[in-house]
Amino acid sequence: MILTPTPPIRAALFDVDGTLVDTNDLHAAAWQEAFRHFGQEISLEVIREQIGKGGDNLIPTLLGDVSDDRRESIEEFRGTLFMQRYLARAVPFPGVRDLFERLVADDVKIVLASSAGGEEVAHHLSLIGCEDLVFATTSRDDAESSKPCPDIFAAALGKIAPLGADQAVVIGDTPWDAIAAAGAGVRMIGVRSGGFSDESLTEAGAFALFDGPRDLLARYADGPFAASASSSVRAGADVDA
């Protein structure tokens, strides 16, 4: 059984990579190529487990102590490489716009809570075709540290003020999303679209699991947003009265 947070959800903070667009394998490949360029051979499987973190956290995890200059050089190289050779291969997961339309109809504000660069976030927003439905976005400029630090979700909460963390939910695909969400005081719905196991998502703190955006919409009536829909209907009835 899925337990619905109370009060009803009024804001949905969506991770982007691996949640709305199919990019996790692309990011892993770009990191592997970047590490190889700097003389470090790391298996794709090992890198893949760290996807969802930003370079400030991923690089030390995989390389240990490195100088700030070296870390920044690797991160800059990988960022340029991803934009030039990998970004165009990203595709949206099915059902994103339909899900967003339903959420907006139920008066749920949608924030894209990404710590990618602004240009990359804008590309993905255009790719999912939801510019008219998204209330706000975040990018790397909004966070001092990447996931699993809570900065980006704290920034997303700032976009929906005066709504609070108890009125929001994070939708993400990695354990790092769940840990970051918990750090920001927000509950997280896990989606399997990013390729992480159910166990890793629930152990990190996800309170509900779905296959992806289309599944979240298909099971909407029994899922975490059901109370939001009911609340929206009741509010409309009160206004009409």
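The largest nonpolar core comprises 29 residues, and F14, F100, L103, L112 and F225 have the most contacts inside it. Two or more residues are supplied to this core by each of β1 (11-14), α5 (96-105), β4 (109-112), α6 (118-128), β6 (168-172), β7 (187-191) and β8 (206-210). The greatest contribution is that of α5, with four residues. The structure described here is a predicted model.

Contacts of F100 illustrate the packing. Leaving aside residues up to four places away in sequence, F100 touches F14, L20, I110, L112, I128, C130, L133 and V134. Another core, of 25 residues, lies apart from the largest one and has A113, I152, F153 and L209 among its members.

The strands were examined next. An open sheet is formed by six strands in the order β5-β4-β1-β6-β7-β8, with parallel pairing. At the edges stand β5 (136-137) and β8; each has a single partner strand, so one side of each is left without a neighbour in the sheet. Strand β4 pairs with β5 in the parallel sense over two bridges, and V111 stands opposite A136 in β5. Strands β1 and β4 are likewise paired in the parallel sense, over four bridges. Here F14 stands opposite L112 in β4; both F14 and L112 are listed among the residues with the most contacts inside the largest core.

Helix α7 (residues 151-159) lies across β1, β4, β5 and β6 and runs at about 145° to β1. Within α7, the buried residues are I152, F153, A155, A156 and L157. These buried residues pack against β1, β4, β6 and α8 (175-183). Two of the residues concerned, I152 and F153, belong to the core of 25 residues.

Residue S193 is located in the loop between β7 and α9 (198-204). With a relative accessible area of 17%, S193 is buried, because the value falls under 20%. The side chain of S193 reaches the backbone oxygen of G18 at 2.7 Å. Residues touched by S193, not counting those up to four places away in sequence, are G18, T19, F93, D211 and G212.

Charged side chains were also considered. Side chains of opposite charge can pair when their charged atoms come close. The model contains twelve salt bridges. One of these is formed by D25 and R48, whose closest N and O atoms are 2.7 Å apart. This pair links distant parts of the chain, with D25 in helix α1 (residues 24-37) and R48 in helix α2 (residues 44-48), 23 residues apart. At 18% relative accessibility, R48 counts as buried.

Two further salt bridges lie within single helices. In helix α4 (residues 68-86), R71 and E75 are four residues apart, about one turn of the helix, and their side chains meet in a salt bridge with an N to O distance of 3.1 Å. Residue R71 is buried, its relative accessible area being 16%, whereas E75, at 23% relative accessibility, counts as partly exposed. In helix α5, R97 and E101 are also four residues apart, about one turn of the helix. The side chains of R97 and E101 meet in a salt bridge at 3.0 Å, N to O. Residue R97 counts as partly exposed at 27% relative accessibility, and E101 is partly exposed with a relative accessible area of 37%. An α-helix has 3.6 residues a turn, so residues three or four places apart point the same way.

Methods:
Residues numbered from 1 in each chain as written. Predicted model: local features only at pLDDT ≥ 70, side-chain atom pairs only at ≥ 80, totals over all residues. Heavy atoms only, no water. Core = buried A, V, L, I, M, F, W, Y, C linked by side-chain atoms within 4.5 Å. Buried < 20%, exposed > 50% of the residue type's maximum accessible area, 1.4 Å probe, protein only. Contact = heavy atoms within 4.5 Å. Polar contact = N/O pair within 3.5 Å; in protein donor to acceptor, adjacent residues only side chain to side chain. Pairing = 2+ DSSP bridges. Axes fitted to C-alpha atoms, helices over the stretch in contact; angles between N-to-C directions. Salt bridge = Lys/Arg side-chain N within 4 Å of Asp/Glu carboxyl O.
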